Amino acid sequence: MERRRRTARTALAAMVLVWPLVAVPSAAADQGGEPAAGDRGGEAAGQVEWGACPEDVAAEAPELECGTVPVPVDYSDPEGTEIEIMVSRLASPDPDKRRGVLLLNPGGPGGSGLSMPADLVSLGMPADAVNSYDLIGMDTRGVGHSSPVNCGFTTDYRGNIPPYAVDDAAVAEHAAVAEAAADQCADNDDDGLLRHVSTANMARDLDRIRAALGEEKISYFGLSYGTALGAAYASMFPERSDRIVLDSNIGDTHLDHEGMRRYGLGAEETFPDFARWAAERHDEYGLGASPQEVRATYFELAERLDENPVDTGDGPIDGALFRLATFVGLYSELSYPQTAEIWQLALASDGAAVGELLDAAPPAGVPAPAAAAGAAPAPRAEPSPFDNTWSVFLAVTCNDVEWPEDVDTYRRSVAEDRERYPVYGPAGANIMPCAFWSQGPAEPPVEITDDGPSNVLIMQNLRDPVTPHLGGQMLREKFGQRSRLVSVDGSGHGAYVYGDNPCAQEVATAFLVEGDLPAQDTSCPA
């Protein structure tokens, strides 16, 4: 039980679906680097040989078939060392209606997407969309079955969302942890692959997959960080992009310090939905009879746990972990009952019961696992089951863009966000291992271009804890008339398929099936 509970607390943390993300010329047509094989007239230089999926994928989704696509480690040396990217396929059940392939990414970076075709069908993706495409999942480079990278993280690593910093001293304390994590990644990068795990290279890999599938163009559906990857592809290879759906947008092709700070904005905008829900159930949970009282309970309980963590018998539940659990709970209303019960038990100082809850299955409705932050340090460090996920997240995030190196920058950010985003701002603003990354970006981040076909549909809930509505607005501005923004009066992470708004489902499905990009930006009522 002891080991199982530690793993589950970290698993709760690893659910946080975030985040987003080498010399790239400024011209969009040149951003892709050397032409991908199979670029001539749509003829693929090689074909994917479909067969059985790995055992772990087959156990979850036996209907899928899998294959591999070779790609260069370093696209500046296309004839050099290669790695293999594993892809999965759920072929269109109606070949007469098939119009192409729809590549999928669930977010992260670091989340495996091999099961995503089957996941979408099980979640109720409209039949017209399923019939129109072969659904193509994948593990992006460095992930899972695609030449995985590992920093060697153990269960005493708290993860990639920095902990909530209660004061300046907490920022300085976490700086040492962040620096050690960056050093550990550098020390474990024996084959030099970590340096080449970036959004730009993943976008180039998508084009290699396109060629290997024998397609002149690809359509794409990405969530969370998957929006950064999709935006990069649509900018680097605009004429090879068909219909692009970007859902729950981080706002660019990369995650930087300001992007991390938007977690605070997202939590602040989404928390009132949970507070209203809990207030309506005050008789059941006792968290407050009004949203204002629930909010007050949150801060009182968090501060109490800062001072006096509750012992579970397997490590403490402190204020940082409580705030993280609440943040994760905002991802979907389906998570609200579990979140409210965690609060209720923490108020009663029932540490053992809180530990059991954190050992339970993750709340339903979260689109996919992704890189995220950790639980209380374990009594004995063991290899973390999330080592690969965390490692890819750091590689992409730190390789994509320059990060501030001065600890004082993060102290100031935390102090500012403690005032403007008190629910969770001092976590997103806290210092990251990217401040100490051993090598700077190999190339500038991919620049979003408005020069290309009008084929980008941006989906965004009005209230999203990790990718607030601002991210969709930012992407809409950068793509210009290539895009339309669909703003959904909903709460949580994920609008299309992962949400249940009929208007959002109709608009996105019509675009994927018929190519009907809305004439103007659209608002979907609740």
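How many aromatic pairs does the structure hold? There are 21 aromatic pairs; rings of Phe, Tyr and Trp (its six-membered ring) pair if their centres lie within 6.5 Å, with planes under 30 degrees apart counted as stacked, over 60 as edge-to-face and the rest as tilted.

The model is predicted, so local features need pLDDT of at least 70 and side-chain atom pairs pLDDT 80 or more, while totals for chains, interfaces and linings use all residues. Residues are numbered from 1 along each chain as its sequence is written, and side-chain values use heavy atoms, without hydrogens and water.

Select Phe153 and Trp390. Their ring centres are 6.3 Å apart and their planes stand at 70°, so this pair is edge-to-face. Phe153 is in the loop between β4 (133-138) and α5 (168-188), whereas Trp390 is in helix α14 (residues 387-400), 237 residues apart. Helices (H or I, at least four residues) and strands (E, at least two) are DSSP runs, numbered from the N terminus. Both Phe153 and Trp390 are buried (under 20% relative accessible area, with exposed over 50% and partly exposed in between; 1.4 Å probe, protein chains only).

Next, select the cluster linked by ring pairs: Phe271, Phe274, Trp277, Tyr285, Tyr298, Phe299, Phe322, Tyr336 and Trp343.

Now go to strand β3 (residues 100-105), where six of six residues are buried. Two strands pair if DSSP finds at least two bridges between them. Four bridges join β3 to β4 in parallel, and Val101 has Asp134 of β4 as its bridge partner. Strand β5 (residues 218-223) also runs parallel to β3, over four bridges; here Asn105 is partnered by Gly222 of β5.
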